[in-house]
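Trainee: Could you walk me through this one? I'm new to it and would like to start with the core.

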Amino acid sequence: PVERRVRVIEQVMEDKELNMNIHPLEVYKAWISRMESETGQASQLPYDVTPEQALKHKEVTDEIENTIKKLVAIIQSFQEKIISSVDKMPYGIRYMAMCLRKDLKEKFPESSDEEIMKAVGNLLYYRYMNPVITAPDSFEIVDLEAGKTMNNIQRRNLGSIAKILQHAASYKIFDSDAKYLASLNVFIM
């Protein structure tokens, strides 16, 4: 739910050291770049690899797992904020969710409550909360100095958080397309 200022979003944006990059290719390329900077020599590793090849390197998988641990902690604070502020959600949206739940139950009586709530939760999250998380500057959720904008790392960090929250809202696990995120499935379910 939208408040004028959302502290959990501000905390992510203010953390200059935070980098929630979990894509294997980007982590792999950043690792190579760091190695080259530290040694002063060009790496002997190929630069253009597939995600599967990147994940064969322990340094890449370790970094992704460490980032996922940080991401889970941050996502839990987002979830706590969302859950604790449900009563601040506009009445019209709560009413729409109630009607949608009722109509889905009537239209699909054989569906479990979990399946119905997946649909309702996904709609509420994706249409109401996701835009605020991914573009808080557009909704004046964060205070930016005049002439300042969010940088790419801030946007990527918030995008990574939003992606995991989207999967959690729809109870969608990470499958073969994103095997490197499979450790988050326990968190989502």
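**The core and what surrounds it**

Mentor: The largest nonpolar core has 51 residues, and those with the most contacts inside it are Ile 9, Phe 78, Ile 133, Leu 158, Ile 161 and Leu 181. A nonpolar core here is a set of buried Ala, Val, Leu, Ile, Met, Phe, Trp, Tyr and Cys residues joined through side-chain atoms within 4.5 Å. Buried means under 20% relative accessible area, exposed over 50%, and partly exposed in between, with a 1.4 Å probe and protein chains only.

Trainee: Which elements give two or more residues to this core?

Mentor: They are H1 (7-14), H2 (24-39), H4 (58-84), H5 (91-107), H6 (113-134), H7 (152-169) and H8 (185-188), each of them a helix. The largest share, nine residues, comes from H4. Helices (H or I, at least four residues) and strands (E, at least two) are DSSP runs, numbered from the N terminus.

Trainee: Before I go on, what sort of model is this?

Mentor: A predicted model: local features need pLDDT of at least 70, side-chain atom pairs count only at pLDDT 80 or more, and totals for chains, interfaces and linings use all residues. Residues are numbered from 1 along each chain as its sequence is written, and side-chain values use heavy atoms, leaving out hydrogens and water.

Trainee: Okay, back to Ile 9. What is Ile 9 in contact with, leaving aside neighbours within four places in sequence?

Mentor: Ile 9 touches Phe 78, Val 132, Ile 133, Pro 136, Ile 141, Val 142 and Leu 158, where contact means heavy atoms within 4.5 Å.

Trainee: And which residues in H1 are buried?

Mentor: Val 8, Ile 9, Glu 10, Val 12 and Met 13. The buried residues of H1 pack against H4, H6 and H7.

Trainee: How do H6 and H7 pack?

Mentor: Their angle is about 170°, with the axes 9 Å apart. That makes H6 roughly antiparallel to H7. Axes are lines fitted to C-alpha atoms, for helices over the stretch in contact, and angles run from 0 to 180 degrees between N-to-C directions. Under 35 degrees counts as roughly parallel, over 145 as roughly antiparallel, 65 to 115 as roughly perpendicular and the rest as oblique.

Trainee: Which residues meet there?

Mentor: On the H6 side they include Gly 121, Tyr 125 and Ile 133, and on the H7 side they include Leu 158, Gly 159 and Ala 162.

Trainee: New topic: how many aromatic pairs are there?

Mentor: Two. In one of them, Tyr 91 and Tyr 95 are stacked, 6.0 Å centre to centre with 25° between the planes. Rings of Phe, Tyr and Trp (its six-membered ring) pair if their centres lie within 6.5 Å; planes under 30 degrees apart count as stacked, over 60 as edge-to-face and the rest as tilted.

Trainee: Where do Tyr 91 and Tyr 95 lie?

Mentor: Both are in helix H5, four residues apart, about one turn of the helix. Tyr 91 is exposed at 59% relative accessible area, and Tyr 95 is partly exposed at 42%.

Trainee: What about Ser 111, buried or exposed?

Mentor: Ser 111 counts as buried, at 15% relative accessibility. Its place is in the loop between H5 and H6.

Trainee: Last one: how many helices and strands are in the protein?

Mentor: Eight helices and zero strands. The C-alpha trace spans about 65 × 45 × 20 Å along its principal axes, and 37% of the 189 residues count as buried.
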